[in-house]
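Hi everyone, thanks for making time today. Let me put the structure up, and then I'll walk you through a few parts of it.

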Amino acid sequence: MNDMNQSANLAGHNVEGAFDVARIRQDFPILGRQIHGKPLVYFDSGASAQKPRAVIDAMTAVLENEYTNVHRGAHYLSQTLTDRYEGVRGTIARFLNAPSEEQIIITRNTTEAINLVAATYGRRFLNKGDGVLISDMEHHANIVPWQLLRDEIGIELKIAPIDDRGVLDLDAYAALLDGNTKLVAMTHCSNVLGTHVPAKEIIGLAHERGIPVLLDGSQSVVHSRIDVQDLDVDFFVFTGHKLYGPTAIGVLYGKAELLAKMPPYQGGGDMIASVTYEKTTYEEPPYRFEAGTPPIVEAIGLGAAIDYVTAIGMDKIMAHEKALLAYATEQLAALGDIRLFGTAPEKAAILSFVQEGIHPFDTAATLDRAGVAVRVGQHCAEPLMARLGVDGTVRASLAMYNTTAEIDVMIEALERARTLFG
Amino acid sequence: MTIAPEKLTQYDEYVEALDLLDEDSRFEYIIDIGKRADKVAFPAECMDEAHMMHGCMSKVWIVHDMEGDGHNFRGQSDAIIVKGLVSMMTGSFSGLTTAELGELTLDHVRGLNLGALTMQRQVGMMAMLKHMQKLSRISDLAAAN
């Protein structure tokens with residue numbers, strides 16, 4: 001891996017002292033692994049990112065020395081761990097620039113956060129015939145919850161189109177806001193195409209009509225700086241494991257006035273104020289939406305991940321990834337047999353492609369032999385695949401720890417795939 | 001009941017051939033089988049929903065017919081590697097009776113020693129085997145009616 005680290009620095013994308021990818025790589029133990037006898041090239045961070053030592057150590061420390069249940073424990077361990085757990089809520093709030101940590105709800109993942117909004121806000125405030133507007137490049141997590149609501153109460157699911165580059169058609173979007181639309185729920189950054197949507201314009205146009213907006217930030221939170229107040233977004237959701245944190249923890253941010261009006265999501269411990277057989281009253285947000293024992297260790301892990309990303313600096317990460325994206329795009333184009341999906345001017349370092357005449361599975365299997373981990377298939381976005389007119393793609397999703405030398409390994413493996421299957 | 005060794009000749013050939021190869025060579029061996037299978041016509045009308053196996057990252061179709069009391073299978077896929085794998089499965093286990101097919105287990109898939117290539121392929125091949133077993137049972141039921 002030393003060669004890769006060295007090449008990355010020699011590639012000239014990193015100003016000395018600004019962003020040292022070689023040092024960052026040392027923070028991720030798994031990057032030292034070999035796969036099929038070759039150094040692991042991990043280009044599947046869009047599915048789940050690798051974890052830095054800081055996250056692993058923070059979680060291990062809790063399990064070894066600090067573990068107990070949180071909230072209402074009348075003993076030292078519980079009180080100290082509760083402080084740490086609730087402290088993470090503050091870390092998340094600062095990371096998103098949320099006005100208050102009480103607007104941060106801990107969920108299992110993005111999927112649960114969207115289901116929570118659909119099941120609470122949706123059931124309380126949407127009625128038969130109301131429209132929920134999504135885009136044509138959503139992950140299934142932002143399609144199916146609304147379909148369930150459609151089946152249950154008869155809302156209409158409306159789709160804002162994209163052009164062939166994967167750019168949202170803003171005129172069509174604005175037109176679709178009129179009429180029955182009562183909620184916009186949209187990806188902030190496509191998991192397949194990498195497209196960053198113009199969130200402020202989307203939200204501004206919706207708010208002009210009094211329509212709230214939910215942004216799916218699963219990818220955007222990793223690849224851009226999020227400021228929920230500047231965006232003026234009503235709901236923002238993301239998951240921990242793509243942000244270098246653990247699985248089984250996600251976040252829902254909501255505007256305080258909306259959260260206050262929303263009924264509970266699930267019933268159980270922690271979310272109640274008092275319970276009798278005759279009547280139960282519920283906690284205020286965020287606890288109203290957090291039934292049962294929360295993901296305590298995972299929350300500590302996510303807090304450590306956010307601290308890690310913050311310490312490096314999102315601007316530096318973005319600059320590094322932008323350079324990687326430019327290099328990868330250029331190298332893929334130079335191969336001459338690559339069809340790249342997603343060429344929006346504003347996009348994250350996510351590259352979906354097919355090699356002409358080669359099945360994506362064959363391409364991905366050849367990359368795997370070279371130690372390159374990519375995803376293949378429909379990427380939980382079947383409607384988008386239909387829009388693109390393909391059964392599936394290969395997706396290389398890059399992260400802060402990737403290097404130009406690793407991109408060269410992928411390109412070499414793609415050349416081998418051409419030899420094997422061409 | 002055990003399956004007569006002469007009915008698993010093709011399977012044994014694959015096992016022996018793969019045993020002699022290192023991992024990279026096995027990968028190329030499967031691709032070669034896939035490419036050879038590509039030259040054998042597969043009925044286009046059978047590349048439909050009814051013959052498709054679900055749950056794969058590529059499309060897989062398997063057709064079935066009878067020869068005496070033995071089941072014959074032919075497979076197809078849109079990915080060359082998977083075409084190689086499905087060819088190995090159909091080639092290995094064609095000619096077996098329903099009862100003999102029912103005796104095949106994950107151990108037979110493991111016997112091909114492809115697990116090291118990736119787990120995904122082993123799981124996929126087990127799914128192919130189960131699909132072939134299901135086709136044989138459906139065929140028997142149809143014949144009984």
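**A walk through chains A and B**

Let's start in chain A, where Ser135(A) stands opposite Ala160(A) of strand β6(A). Before going on: this is a predicted model, in which local features need pLDDT of at least 70, side-chain atom pairs count only at pLDDT 80 or more, and totals for chains, interfaces and linings use all residues. Residues are numbered from 1 along each chain as its sequence is written, while chains are lettered from A and ligands numbered from 1 in the order in which they are written.

Strand β5 (residues 131-135) of chain A pairs with β6 (residues 156-160) of chain A in the parallel sense, over five bridges. Between them, the chain passes through helix α6 (residues 144-153) of chain A, and this β-α-β crossover is right-handed (with the strands pointing away from the viewer, the path from the first strand over the helix to the second runs clockwise). As for terms, helices (H or I, at least four residues) and strands (E, at least two) are DSSP runs numbered from the N terminus, and two strands pair if DSSP finds at least two bridges between them.

β5(A) also pairs in the parallel sense with strand β7 (residues 181-187) of chain A, over three bridges. There, Val132(A) has Leu183(A) as its bridge partner.

Now over to chain B. Here we have an open sheet of three strands in the order β1-β2-β3, with antiparallel pairing. Its edge strands, β1 (52-53) and β3 (70-77) of chain B, each pair on one side only. Strand β2 (residues 60-67) of chain B joins β3(B) over eight bridges, and Val63(B) sits opposite Arg74(B) of β3(B).

Further along chain B is Asn145(B), in the segment after α6 (119-144) of chain B. Why is Asn145(B) called exposed? Because 5 other C-beta atoms lie within 10 Å. Asn145(B) is 74 residues from His71(B) in sequence, and their C-alpha atoms are 18 Å apart in space.

Last, the two chains meet. The contact takes 11 residues from chain A and 12 residues from chain B (residues are in contact if their C-beta atoms, placed from the backbone, lie within 7 Å). On the side of chain A that touches chain B, α14(A) gives the most, with five residues. Thanks, everyone!

Conventions. A residue is buried if 20 or more other C-beta atoms lie within 10 Å of its own, exposed if 12 or fewer, and partly exposed in between; C-beta atoms are placed from the backbone. Two residues are in contact if their C-beta atoms, placed from the backbone, lie within 7 Å.
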